[in-house]
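Please read them with the structure open.

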Amino acid sequence: MIHYVMIFVQTFVAVALAPALVGFIRWMKARLQGRRGAAPWQPYLELWKLLGKEAVVSHTASWLFHVSPFVVFGTSVVVASLVPLVAAPADPLIIGDLFAVVYLLLLGTFFLALAGLDTGSPFGGMGASREMTVVALTEPTVAMSIVALALSAGSTNFGQIIDRTIAEPSMALGPGHLLAFAALFIVTLAETGRLPVDNPATHLELTMIHEAMVLEYSGPYLALLEWGAALKLLVFLALAANLFIPWGIAVTLSPLALAIGLVSFIAKLAILAIAVAVLETRVAKLRLFRVPELLSASFVLALIAVMSTFLAR
Amino acid sequence: MLLFSKIWKAGIATEVLQVGDPAAVEIGRALEQRIKKLLGRALAIREVDAGSCNGCELEINGLTSPIYDMERFGMHFVASPRHADLLLVTGPVTRNMEIPLRRTYEAMPAPKFVVAVGDCAKTCGVFKGSYAVVGPVDRIIPVDVSIAGCPPEPSDILRGILEAVDRSAEKRGQSITVAAGPVPSR
Amino acid sequence: MNTAGAALVLMAGGYAAGACLAVLAPSQRAARFFTAVGATVGCVGGLIAAAIVLASGQPVEASFPNLVAAAGGMVIGLDRLGALFLALVAAVGFLAAVYGVSYTAEYENRSSLRLFGLMFNGFLLGMSLVTCAANIFTFLFAWELMAVTSYFLVITDSEDADTRQAGLWYAAMTHFGLVLLLPMFLLMAPAAGATTFADLRAWTPTLPTATRDAVFVLAFFAFGSKAGMVPLHVWLPRAHPAAPSHVSALMSGVMIKLGIYGLVRVMFDLMSGGPAWWGGLLLAVGCVSALLGVLYALMEHDLKRLLAYHSVENIGIILIGLGAGSILHGAGLRALATIGVAGALFHTLNHACFKGLLFLGAGSVVQQTHTRNMEEMGGLIKTMPQTALCFLVGSAAIAALPPLNGFASEWLIFQSLLAGPYIPRLEIAVGFPIAVGMLALTSGLAAACFVKAFGISFLAMPRSDHAAHARECHWSMRAMMMVLAGGCVVLGLAAPIVIRGLSRVIDSVPLWAGEALPPSPRLWLMVPNGSAQVSPLLMAVLLTAIGLIALLAIQVRGLRIRPTDTWGCGRISQTPRMEYTASAFAEPLRRVFAELYRPTEDLSISVHPESRYFIQSITYTSHVVPWLEKAFYDPVTRGAQALATQVRRMQAGSVHLYLLYVVAALLVALASAWWFR
């Protein structure tokens, strides 16, 4: 029973923290650009405002346009409930492993791309086309990173991977782990639409990937999509943090362990968020047809990670 | 690494917002209180150039610079009118931009308001009477705030927007503007 | 005769009756109905027989030694493995037959529906017989019956030259398979009198290794060409678009699975498995088929050719599962091997379900818009809402999105591939992670391809007049599609229950017997050592719950919707020409994989006669030719034609020369008879 409550609370914490994560990255980037910037809780104010606006829907759109924001938001929340955040998941209640997470996110992207095509706007079509290209090319890297992790842990269940890494700390510094972490970090940037793959703050439609698909959305639908995107970023960063650097995560359900788990979770997220912000300040966006080169590089990293884990057994 | 050492040395460049010329800002229609409350702290702006000479655009560009930094007031520019609450219009409305301007306004979800920036947007400015010009912005779409100047100061533009949503006097009693005076040197 | 046997008689009788009634029908319209009546009765019989055998595990056996006694007579034996495939034939056949009643209306003026009805019922009979054949002659007879009848079905629209060409390719490739099947069975049979599968099963362990390998290679290529694996897949993208859509659904959903059935039957049942390289070949060819299939599907904008290439991809996935299962079994990891094989068999079921659905949907779309070209469709989600919904379910299922059935079977295959590191031999184990990467790339590309297929065909505004005036198809066609769509959802949500049933089928094969999957909790798909689990049902429940909560929250806050025009940067109007096209959608991927596609591009610009600065029109053509056909099949066909031209010289037309041939042949025959006396 306590496990159910734990999962619910964890999901709630994730959903609540996601806009703050995005706001923190924006605040960090602003400071690095020499400006004061908006407060880290600005995205909450934006979401509240969006919920109060009307939704403008195109004549050419169909029911798919109305359903997609809910699918995107829903899949992001379900994925947040599957991923270990504050506490490592307990066995009997796991409804999904790493593959389930990957495919649930693919479900969200599928519907978002269809919604981009639905309005008949060429921007939406272009965004859908580019997004599906990037997602298709990140799939093998994600799968290979999963294989690298699962090889050493013997399973794709999050709980077992975390337990294995905690039990053998030296493995965390092995080449397999480090390379898989690097590959997963590049995939995070690609899937969540951050530089150098996609600029989340661009206004030029020809440079957009994710933004182009949401150009037609407004009001509460846009709020759901933005929240879903923020949750996706939180989930990816949490995966990178908790699977590769799991110390601090609560393995028991005592209040002290949970408190430490929460604090370490926020600390790890903050460090990764600073890394993302620093990287976004340092690099420029890649030309679209150079992105596959970056993704193949991440695939090669993941492949080497798998091979080294294989040969180390 | 050179980049980060420069960032460290430069620090935060944002200045406190100046009062500037109060006459530049003219509030034509006051917004409803509930709209001010909704849009007050998180404002999304879409900018439309309805045939301007780009002088006003350069000043509006300055709004996102570290000196004026409009993001600290919760405002940011967006890529699509569907995401926007405020329409910032510059330029005398030329014939070719009349329909796009109207469509941009219609594409925005309610509640929304319009700020006309520059003399051209207010009265067609130097282009008044030209064969290519239809009329000032309030001939095409309803305008809530006008900011005069050719081009207006970025601080005037900022203040105009803030006054429209009633944020020129901060809730905590602290004013975010200071009286006009010499700009403190860095 | 027990119930199952009676059901089989009903099945055969139904098909035979359908064929005869169709031929004797008074009108084209009547032929359509009689075809369906006979086919549905036969399918019901087949379903009953298959269900009884699947549930009870008692095989149905019957032999007719007097029918064609010289070839060994006909022997019928339906065991659990065959019953699974028979159920597939019957289920999809039933739906296709009912669908065909209204669908074939448009062929009334072009083709003989009496012949069509005869061939349709013959096709179903042939496929059903393949699954319950238990001796060599019956199997080969059924195989050839299936091939010949399907050839006539493919060229139903024989006025079109492309269709006739497709029929030619199909006939050539399927008989190539038959030519390989004959020596394979010859090698496996102990003696002329003992040709039943039981005899073969007993004899094959005594064969020398070289013979067993030869049998495997022959079986692999023969059944592989029927299944449509690379490089023997070239008939698929030609034949499936040419045939009427419900025939395409049957061919793609069921007939190519019979290639898988043959492979499983020969490799795992009759030959009782083999060395690791057998499984390795399956795995490698499966990976290549999956990847190449989806890559070529991406470049297609003919809706049915796209679906045909996806069949190649899914056969590749099934082969990956079978190969992984075979290797793991050989390495002693029997529980994990069962996961792989269960995943492969489940994917067979699932593919029949969603590919059948997609082809039926494509059929109704093609019927209404009179074109197969996606670039001329659009806006159909508003004019054909139920077809669109069914097609969307099919697209999501084939893209392996949870909680539908494609996800469950691919999850199982992934889990079996993750067992790679437990294999002691490193050179084999290394292939497994690479297979994981390739399978993941395939499913990502499949999702991209179906966003394109569904998005361009159904969404936004109609791109042609026909698409604008399309209406929803007949209710019988829609009902069949809804059944299949419901099947996709149910198979996905109830995946653990289906897997339990499949493990009993796997248990019936002697090679895999005794390693049934441990009973897993009803809601979870689990890997045997408990290392991973997923619950599609719970995921679906959670997803729906969160969606409803979000909807409720937004309604409470107040949702106002205002319809307006699409935002286009303020342009005056929106026309369909401004929408994204299918070629444009696939263009980034075409650039990424340009080395594989080697697209030919042609740009021609015509200028105004008065001044070359005024351009009148720009025509851009880009063509992707599968290099496999250019590199391999073109030389082969050219060589065959050259050889045939040479041989034609022997037909000089002179009677004297022919008499000389006769005398020479007689002399050779007498000499060899004297030599070998």
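1. A residue counts as buried if 20 or more other C-beta atoms lie within 10 Å of its own, as exposed if 12 or fewer do, and as partly exposed in between. The model is predicted. On that cut-off, 47% of the 186 residues in chain B are buried.

2. Chain B holds 6 helices and 10 strands. Take its contacts with a separation of 6 or more: 84% of them are between residues 24 or more positions apart.

3. Next, the A–B interface. On chain A, 26 residues are in contact with 25 residues of chain B. Four elements of chain A each supply at least two residues to its side: helix 1 (2-32), helix 2 (42-51), strand 1 (55-58) and helix 9 (219-244). Helix 2 gives the most, with 4 residues. By type, the chain A side divides into 9 nonpolar, 8 polar and 9 charged residues.

4. Chain C has a helix pair to look at. Helix 15 (residues 385-398) and helix 20 (residues 475-493) of chain C pack at an angle of about 30°, their axes 9 Å apart.

5. Which residues of helix 15 of chain C meet helix 20 of chain C? From helix 15 come C:Gln386, C:Thr387, C:Cys390, C:Val393, C:Gly394 and C:Ala397. Helix 20 brings C:Arg478, C:Met481, C:Met482, C:Ala485, C:Cys488 and C:Val489. The residues of this contact divide into 8 nonpolar, 3 polar and 1 charged.

6. Two cis peptide bonds deserve a check. One joins A:Leu195 and A:Pro196, with omega about 0°. A:Pro196 sits in the loop between helix 7 (175-191) and helix 8 (210-213) of chain A. Another joins B:Ala110 and B:Pro111, with omega about -5°. B:Pro111 is in the loop between helix 4 (95-107) and strand 7 (113-117) of chain B.

7. Now backbone phi in chain C. C:Ser272 is not a glycine, yet its phi is positive, about 55°. It is found in the loop between helix 10 (245-270) and helix 11 (276-298) of chain C. C:Ser272 has 15 other C-beta atoms within 10 Å, so it is partly exposed.

8. C:His370 also has a positive phi of about 55° and is not a glycine. Its loop runs between helix 13 (334-369) and helix 14 (380-383) of chain C. Is C:His370 buried or partly exposed? With 13 C-beta neighbours inside 10 Å, C:His370 counts as partly exposed.

Technical notes
Residues are numbered from 1 along each chain as its sequence is written. Chains are lettered from A and ligands numbered from 1 in the order in which they are written. This is a predicted model: local features need pLDDT of at least 70, side-chain atom pairs count only at pLDDT 80 or more; totals for chains, interfaces and linings use all residues. Two residues are in contact if their C-beta atoms, placed from the backbone, lie within 7 Å. Ala, Val, Leu, Ile, Met, Phe, Trp, Tyr, Cys and Pro count as nonpolar, Asp, Glu, Lys and Arg as charged, and the others, Gly among them, as polar. Axes are lines fitted to C-alpha atoms, for helices over the stretch in contact, and angles run from 0 to 180 degrees between N-to-C directions.
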